[in-house]
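Subject: Structure for you to look at

Hello,

Here is the structure I promised to pass on. Please open it first, then read my notes below.

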Amino acid sequence: MNEEKVIIAGFGGQGVMLMGQILSHAATVADLNTTWIPSYGPETRGGTANCAVTIGEERINSPVVSVPDSLIIMNQPSLDKFQKKLKKGGILIANKSQISDAVYRDDIEVYEVDANKQALEIGNLRVANMVMLGAYIAVTGVFSKDDMFAVFEKIFTGRKSELIDLNKKALEAGIRAVGK
Amino acid sequence: MNAKTVYEPTKGLVERDFHYCPGCTHGIIHKLVAEVLVEKGLLEKAVAVASVGCSVFSYEYFNCDAHQAPHGRAPAVATGIKRVRPDSAVFTYQGDGDLASIGTAEIVHAAHRGENITVIFVNNAIYGMTGGQMAPTTLLGQKTSTSPFGRDKTLTGEPLRISEMLATIPGAAYLERVSVHDPKHIRKAKKAIEKAFDVQMNKQGFSMIEFISTCPVNWGMNPMDSIAWAKENMIPYYPLKVFKDKTDGDNDE
Amino acid sequence: MAKVLMKGNEAMALAAIEGGCDAFFGYPITPQNEIPEYLSRHMEERGRVFVQAESEVAAINMVYGAAGAGARVLTSSSSPGIALKQEGISYIAGSELPCVIINVMRGGPGLGGIQPSQADYRQITKGGGNGDYHLLAFAPENLQETVNIIKESFALADYYRNPVMIAVDGLLGQMMEPVDLEAAPKTEVPPEKAWAADGNSDRKGGRNVITSIHLDPLELEKHNRKLQKKYDEMVAKEQRYEMIETADADIVFVAYGSMARIARSAVKTLREEGIKVGMIRPITIWPFPEKAFDELPASVKSLLTLEMSLGQMHEDVRAANNGRFELDFYGRTGGVVPEPEEIIDHVKRMLEKEGSS
């Protein structure tokens with residue numbers, strides 16, 4: 001595979017960090033190289049949060065992602081902040097439920113997902129992040145649905161294992177939402 | 001000849017002359033601590049933590065392992081030793097400049113954590129080694145090289161009573177203030193030290209014995225007068241008593 | 001063992017456990033809090049010592065006591081906290097005790113910020129505390145290298161009876177990357193510490209005393225010369241560095257830690273464009289790897305120091321270069337992590353200037 005660099009951004013509390021970590025976990029399981037870097041500090045408490053994930057077969061140099069191949073955007077402020085960084089022809093997955101002013105560049109590939117609505121239909125708003133992650137893997141083909149399911153089994157342990165089914169459903173909803 | 005030994009130096013002290021000034025009570029206090037270590041069979045497992053001040057070289061005298069600590073930090077150094085060697089007998093030996101001023105955070109929190117260490121706190125109401133400056137423990141009106149007109153509470157506060165302060169801390173298991181100005185009090189002081197080490201070895205928590213001491217050179221007195229001055233001026237402000245004894249069962253918060 | 005995805009701070013904490021760390025003493029400060037958090041759980045589970053001290057000052061003095069008692073001891077902090085620890089670090093070096101200190105650097109001076117920085121370079125390499133002493137200081141660039149060095153550092157500290165500092169920045173502390181803890185060197189059994197003041201004075205050889213005081217100037221000078229011998233040995237034996245595509249390079253970067261990693265991306269991109277750049281990557285920042293500069297071919301045109309500070313290491317680059325090549329510097333500071341493109345742009349400006357002169 002070519003090196004994949006993705007920035008995931010949203011409000012603190014939308015599960016942005018976890019989305020990135022799941023991608024890096026999947027890469028580790030697949031014996032690929034990966035880095036995950038978060039924004040940290042006060043800004044993550046109630047403000048905007050973002051993380052950058054790089055996945056590749058070759059050694060990863062800078063973990064800092066200046067020109068992402070893909071963006072997963074969970075809200076309007078993140079769209080305003082990161083859209084301009086996306087590479088030409090890059091992929092943007094946008095959470096339509098949190099974007100009021102959807103003005104997109106015309107040199108990128110945009111997929112809108114009504115992630116909050118989908119998550120509520122499944123029964124929990126908190127899995128909107130997994131809906132978005134489902135859309136992302138479906139569009140990019142970086143990982144398969146089963147790769148993601150394997151990570152869920154690995155990281156949701158103990159009391160959190162109750163969450164596996166919910167997250168699987170959300171991921172599948174995201175995959176369907178982009179018509180895959 | 002059929003002589004009977006009635007007195008000999010304690011094996012708890014290295015055979016050498018003290019560097020302390022005539023009339024200073026460090027010598028008596030060193031001897032009491034050393035005797036207790038020997039009598040309780042603790043000398044071989046003891047680690048003395050020396051502080052900064054006149055007693056910086058106390059490790060030259062105590063005949064056991066020793067560790068010299070930065071100014072005020074002896075309780076932290078002692079914490080490090082005791083935590084990794086919990087069967088050892090760890091004590092700090094600190095003056096009032098060290099413990100009551102720069103080292104207040106370390107002494108408060110060693111007590112607060114209930115560290116199983118013993119603190120020997122020697123309070124002579126002045127900085128000795130640096131040349132007689134005012135300490136937090138200096139009495140009101142007392143003249144020192146940095147309170148030349150006598151300590152004035154409006155400018156420098158009132159003398160800090162450490163034992164009373166530490167008595168409010170739950171982790172402190174045994175706190176007593178003693179004096180060595182006469183033989184009766186010296187015997188009482190030794191009993192206090194014994195108690196403190198018992199508390200430590202029984203893992204009952206933090207123990208400290210505060211000694212009322214003298215500084216004839218920096219007080220500007222001869223040894224006899226300084227003993228009298230300590231008795232007449234310090235003890236009324238710093239009363240001799242047990243401030244905390246969690247081993248008696250009813251002083252336990 | 002397969003690789004495990006771990007957060008930098010947690011991987012460092014686990015590496016310390018695997019390296020045989022007996023005791024940890026620390027105080028909370030961002031961005032290294034996951035180190036004590038991880039250790040508070042995992043040291044206790046293993047029956048080892050964890051203490052959250054009342055201050056950085058107390059923490060380093062607990063390290064001083066425990067190291068003096070012969071234990072393998074760790075503390076961790078971040079820049080302003082490391083500043084507070086300098087008193088104890090100087091005593092530990094002066095008393096010739098081993099310990100490991102992790103510094104997850106953030107911006108300064110003063111309270112500064114909490115974002116990644118390399119502005120502690122001088123604090124780490126030029127003393128920090130009082131007196132003629134040095135720390136053996138490593139500045140790894142990724143998590144695998146970091147855990148390998150941490151595991152090894154306890155043995156190095158024991159060998160030299162000197163503090164070892166692991167200097168990373170907030171980026172390495174906060175990022176996640178797969179690490180293989182078994183790929184790291186096997187942990188050596190600690191040597192017997194016959195000098196330890198551990199409450200065992202019926203040992204052969206009598207009682208032990210740990211101290212840093214020597215009031216007689218001649219005696220203190222003798223002690224200093226003894227310490228200096230160790231530092232000379234470190235300079236001879238411990239300079240670690242990586243030469244990256246320097247053989248035919250016109251411009252050679254000098255960068256360490258996260259900055260080196262970012263600069264690697266710039267090297268790759270510039271090489272793809274036919275611009276011949278390479279890099280010296282110091283892995284030890286003390287001793288500074290002067291040997292690397294001797295290995296540079298005469299065909300090099302200039303050196304470009306890259307730092308997340310305003311040129312602290314550049315002073316050592318200047319000394320090591322000793323007038324041989326042209327020097328240039330690019331740095332960001334205050335917690336700003338540069339992007340590879342900034343380095344690329346800077347190199348292109350250098351080439352334009354050269355072309356026009």
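Which residue just after H6(A) takes a positive phi? Gly179(A) does, with a phi of about 75°. Keep in mind that this is a predicted model.

Helix H6 of chain A

H6(A) covers residues 163-177 of chain A. Several of its residues are buried, among them Asn167(A), Lys169(A), Leu171(A) and Ile175(A). Ala170(A), Ala173(A), Gly174(A) and Ala177(A) are buried too. Their cover includes strand E6 (109-113), helix H3 (115-122), H4 and helix H5 (145-155) of chain A.

Val131(A) ties in here. Leaving aside residues up to four places away in sequence, Val131(A) touches Ala170(A), Ala173(A), Gly174(A) and Ala177(A), and also Val113(A), Ala115(A), Gln118(A) and Ala119(A).

The largest nonpolar core

This core has 246 residues. Val131(A) is one of those that touch the most other members, along with Ile93(A), Met132(A), Ala48(B), Val63(C) and Ala263(C). Helix H4 (residues 128-140) of chain A gives the most to the core, with 10 residues. Domain 1 (4-237) and domain 2 (241-356) of chain C each supply at least three.

Where chain B meets chain C

Here 29 residues of chain B are in contact with 35 residues of chain C. On the chain B side, strand E1 (46-50), strand E2 (65-68), helix H2 (74-84) and helix H4 (104-112) each supply at least two residues. H2(B) has the largest share, 8 residues. By class, this side of chain B has 15 nonpolar, 7 polar and 7 charged residues.

Strands also pair across the two chains. E2(B) runs parallel to strand E9 (residues 209-210) of chain C, over 2 bridges. His67(B) stands opposite Ile210(C) in E9(C).

The two domains of chain C

The C-alpha centres of domain 1 and domain 2 of chain C lie 29 Å apart. Contact involves 28 residues of domain 1 and 23 residues of domain 2. On the domain 1 side, the elements giving two or more residues are helix H5 (121-125), strand E6 (136-138), strand E7 (163-169), helix H7 (170-174) and helix H8 (217-237) of chain C. H5(C) has the largest share, 4 residues. That side holds 16 nonpolar, 8 polar and 4 charged residues.

Best wishes

Notes
Residues numbered from 1 in each chain as written. Chains lettered and ligands numbered in written order. Predicted model: local features only at pLDDT ≥ 70, side-chain atom pairs only at ≥ 80, totals over all residues. Contact = placed C-beta atoms within 7 Å. Nonpolar A, V, L, I, M, F, W, Y, C, P; charged D, E, K, R; others polar. Pairing = 2+ DSSP bridges. Core = buried A, V, L, I, M, F, W, Y, C linked by C-beta atoms within 7 Å. Buried ≥ 20, exposed ≤ 12 C-beta atoms within 10 Å, placed from the backbone. Domains from an automatic or database assignment. Expected span 1.5 Å × (residues − 1).
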